[in-house]
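Visitor: I would like to learn how to read the inside of a protein model and the places where its parts touch. Where should I start?

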Amino acid sequence: MRLDLTTPGLLGLPLGWLAAFFVVPIAIVAAYSFDVYSLNPGPHGFALTAWHDFLHSSVYLRLFWKSVKLSLIVSAVVVALAYPVAYYLALSSTKRKYVLLLLLIAPFLTSYLLRVLAWKVILGNEGVLNSFFVWVGLRSPDHPISQLLYSRFAVMLVLVYVWVPFVALPIFVSLESLDRRLLEAACDLGASRRVAFLRVTLPLSLPGVIAAFLFVFIPTVGEFVTPSLVGGTSGYLYGNQIVDLFQTGFPDWETGSVLALFLLLVVAAFTGVFARFLQVRQVA
Amino acid sequence: MEHEGDLLERKLSRDDLLKLAAATGGAGLLAGRTGIADAARAHFAAESGRLQVLDWAGYGNDGGQSMFAAYVKKYPKNKPQFTYMTNEADALAKIHAGLKPDLFRPYAGWVKYFATSGLVQPWTPKLIKNFKHLNPFMIKAGQYNGKQYGIPADWGFDAILYRSDKVKPKSRSWGLLFDDRYRDRIAWYDDPVLPLIVAGLYYRFKDPWNQTDAQLKKSQKLLMAKKPRMIWSSETDMDAAFASGDIWIAWAWPADYWTMKGKKLKVVYMRPKEKPISWVGMFMLLKGSSRPTLAHAYVDAWSSAKSGKWLEDNYGYGHSNTLARPSSSDLLRALQLDNPRAVTLPNAIFDRDVPRRALYAKLWDEVKAS
């Protein structure tokens with residue numbers, strides 16, 4: 001009998017890649033979190049100390065919750081903003097919709113860092129927005145709105161800006177694959193456009209919406225670049241703490257590993273719940 | 001045990017001489033003592049590849065080229081290659097993560113930590129021609145157990161920079177960093193230990209570098225309660241925020257004062273009555289470096305009076321070479337560059353080792369996370 005190597009041949013490379021660059025690094029991080037590996041010389045072995053300290057630290061857990069809340073808000077706002085755009089592009093019969101789609105994702109052609117830094121120019125005390133407020137007489141030059149930059153608001157604003165185009169894509173795909181005859185049927189049966197949207201379009205596009213929500217939530221809950229650039233102290237998030245534990249602060253890789261793994265576990269659980277109950281697989 | 005870095009300490013045996021003579025076609029012997037020295041140098045300097053330097057931003061090929069121009073001229077095939085560090089803890093993390101620089105430049109408070117960490121090896125001062133011109137106090141600060149682990153380079157202060165047209169301090173104190181009136185306009189420096197030390201100075205604790213548990217708790221509470229708008233780890237970010245008017249009061253270094261003066265801002269570099277913290281950059285040689293001779297040559301270039309003057313003129317920091325003098329008499333006065341003990345009391349409190357560094361760092365992390 002001839003051995004069929006097609007499947008293992010096709011899966012071998014991606015699985016090997018995943019094992020080498022995902023599973024093994026996570027195993028190493030886990031080893032640090034249990035003190036199996038340690039930066040500090042001297043005897044060490046399996047210990048749950050770092051996990052125990054983390055789970056009993058109100059500071060870290062509070063910071064985690066702060067990041068989750070911020071990320072949930074950002075994800076919700078991004079989806080709410082991206083949906084109408086995707087809806088228009090998918091359901092309009094304009095021939096230019098792919099050109100418009102290209103325009104939507106045009107910001108991706110520039111550096112992420114550059115886009116974030118540009119917001120500093122806009123939000124600063126002497127930035128575009130504050131200068132405008134002074135010009136129209138809403139604020140005096142000595143009292144600009146200082147909360148615009150180096151704040152939680154700035155982090156949310158920039159994250160929303162960065163993610164909207166990205167999130168519009170899965171929603172667009174979901175809406176474009178919608179069977180238009182269903183909408184026609186709904187109208188024939190007397191449904192208004194609003195009712196047709198709420199009872200046909202929205203439920204059918206929900207897998208795309210959920211996928212889009214996860215696309216934002218998963219990376220933003222561990223985000224550290226944007227908060228470190230525009231967040232100031234009030235925009236300091238869980239991801240920043242992980243970076244500090246590994247690098248900027250005095251190295252504490254045990255605690256840093258615990259924080260990183262905890263984030264991974266929560267995100268995995270969150271994704272699992274969504275996938276199980278909302279059947280994200282339908283998106284495909 | 002012979003030390004790796006102790007190159008000139010090696011005695012040239014008769015065998016060595018013969019080998020060297022053979023290696024150089026007898027040129028060394030024929031040319032006399034100088035020729036032998038050159039041959040020896042060439043022999044020991046058989047080090048290849050680019051010198052790996054872990055340094056602070058602004059001191060590599062991103063603006064600091066004048067500091068090591070003499071080295072590049074002498075060793076054009078071994079030009080330095082830089083990796084940048086944001087602070088000593090960052091450098092430590094990078095080294096732990098597998099980076100293998102030949103040398104790096106932490107500050108004096110870390111000399112003991114690194115000397116006892118097993119990560120570094122002592123220098124051989126005889127290989128550094130300019131060593132004799134370096135400030136004796138700073139040289140001593142680079143020693144541990146009688147060995148020269150740190151070669152002093154730049155020096156300066158941690159103090160407070162503020163906009164004199166916007167800020168009216170209640171007193172000349174570190175308390176300005178905790179002033180609620182300007183909370184939205186204040187920036188602190190992100191360092192694992194220094195903020196707690198400054199809080200300790202503000203409270204006038206006996207030894208802010210070695211606070212008791214109760215003192216640490218009090219310092220941490222102060223920092224949590226007064227956390228400002230910005231905590232900077234990138235000097236460039238802080239300078240940009242200060243220059244744009246987002247920040248009026250900053251924990252800053254002399255270079256920042258110099259930069260803001262250059263931008264024509266009305267600024268004061270305040271020396272708190274509790275005393276500023278002074279520091280000296282210390283070049284350290286990594287254990288296992290495969291280019292120790294090149295590292296010595298690099299540090300020698302940095303240590304020259306010419307490099308020192310350039311540093312003072314362009315960055316506004318002091319330099320450990322006592323012959324270096326800036327062009328500006330203002331800077332000379334401001335930093336007391338002609339005072340060999342400018343970094344010590346009564347002028348400033350010299351940074352030193354923190355015995356419970358990990359605990360300080362953990363408390364500081366909690367401040368940021370709070």
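**Core and contacts**

Guide: Start with the largest nonpolar core, which has 167 residues. A nonpolar core is a set of buried Ala, Val, Leu, Ile, Met, Phe, Trp, Tyr and Cys residues joined through C-beta atoms within 7 Å. Buried means that 20 or more other C-beta atoms lie within 10 Å of a residue's own, with C-beta atoms placed from the backbone; exposed means 12 or fewer, and partly exposed is in between. Among the residues with the most contacts inside this core are A:Ala154, A:Ile171 and B:Tyr298.

Guide: This is a predicted model: local features need pLDDT of at least 70, side-chain atom pairs count only at pLDDT 80 or more, and totals for chains, interfaces and linings use all residues. Residues are numbered from 1 along each chain as its sequence is written, and chains are lettered from A and ligands numbered from 1 in the order in which they are written.

Visitor: Why does the core lie between domain 2 and domain 3 of chain B?

Guide: Domain bounds come from an automatic or database domain assignment. Domain 2 (52-153 + 280-350) and domain 3 (156-277 + 355-369) of chain B both give residues to this core, so the core lies between them.

Visitor: How many residues does each of these two domains give to their contact?

Guide: Two residues are in contact if their C-beta atoms, placed from the backbone, lie within 7 Å. Domain 2 of chain B gives 11 residues and domain 3 of chain B gives 14. Their centres, taken over C-alpha atoms, are 24 Å apart.

Visitor: What does A:Ala154 touch?

Guide: Leaving out residues up to four places away in sequence, the neighbours of A:Ala154 include A:Trp119, A:Leu148 and A:Gly235.

Visitor: How many residues does each chain give to the contact between chains A and B?

Guide: Chain B gives 29 residues and chain A gives 23.
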